[in-house]
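Have the structure open as you read.

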Amino acid sequence: MQIQIFLLLPMAFLLPSGTWAGEIIGGWEAKPHSRRYMAYLEIQDGQVKKICGGFLVKTNFVLTAAHCQGDKITVKLGAHNISEQERSQQKIPVHHQIPHQQYDKKTLNNDIMLLQLSYNAKLNNWVRLIPLPNAKSRVRPRSMCSMAGWGWTGRNSRTDTLREVDLEVMRDNMCELYPGYNSTMMLCVGKPGLGKLPYWGDSGGPLVCEGVAQGIASYVDKHLCEPSAFTRLSIFIPWIQNILQKQH
């Protein structure tokens, strides 16, 4: 089985011959500003412009996937339609990118990164933090969760408005055919055959279960028929807390 990273969507919207992943198929447009923790990441990586998702966990920190690194990142908070200059939006440059020190590009183990913003976001009716799980918490198979993101909704269609989808957490053995799957640090998400899954452009967005961020979008099957793998957040809580306490 071939693994495809939730790689970042080129702003030129040119599709490669392979399959990238990240936006939502089988979902619907989210109620505007119903997910006030969502962050839209504009990434300059060399000569290429890319995007990722993320989520606000502290007024000056956004959590995302480590494979969303770039030379320069700008965060948009409070957005619904990213093609418009909504009065709700806050656009903040990233001061410091902190990927996990053991992130593995090949297996996507430790696919997690904290972004320290240049200044604090203003919490208001459109921008809020999302709770993180307890380090000992465990998401059970068959749990119903959700995720959201901007970008492609099919191989030839895209949207600028935030979309969302409900996803079921699966047993780890459903993802063990992925060569890099590690049940200690990953979650297996999405029931096969329902046509509900992430797609182009939503890397780094949160898997939300009962109002708590439990995972980070990481990779998906090339053929779009198997469950997706998300970084399991609970195992990284000590790492996150250590950085948040050190960086002010």
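## Salt bridges in the model

The count comes to five salt bridges, where a salt bridge is a side-chain nitrogen of Lys or Arg within 4 Å of a carboxyl oxygen of Asp or Glu. The model is predicted: local features need pLDDT of at least 70, side-chain atom pairs count only at pLDDT 80 or more, and totals for chains, interfaces and linings use all residues. Residues are numbered from 1 along each chain as its sequence is written, and side-chain values use heavy atoms, leaving out hydrogens and water.

## The pairs around E42

One of the salt bridges joins E42 and K76, at 3.8 Å from N to O. E42 sits in strand β4 (residues 38–45) and K76 in strand β7 (residues 72–77), so this pair ties together parts 34 residues apart in sequence. Strands here are DSSP runs (E, at least two residues), numbered from the N terminus. K76 is buried at 9% relative accessibility, and E42 is partly exposed at 23%; buried means under 20% relative accessible area, exposed over 50%, and partly exposed in between (1.4 Å probe, protein chains only).

E42 also meets K91 in a salt bridge, 3.6 Å from N to O. Since K91 belongs to strand β8 (residues 90–99) and E42 to strand β4, the pair connects parts 49 residues apart in sequence. K91 counts as exposed, at 52% relative accessibility.

## R232 and D172

R232 and D172 form a salt bridge too, at 3.9 Å from N to O. R232 is in strand β16 (residues 228–232), while D172 is in the loop between β11 (157–168) and β12 (186–189), 60 residues apart. R232 is buried, with a relative accessible area of 3%, whereas D172 is partly exposed at 23%.

Key
Helices (H or I, at least four residues) and strands (E, at least two) are DSSP runs, numbered from the N terminus.
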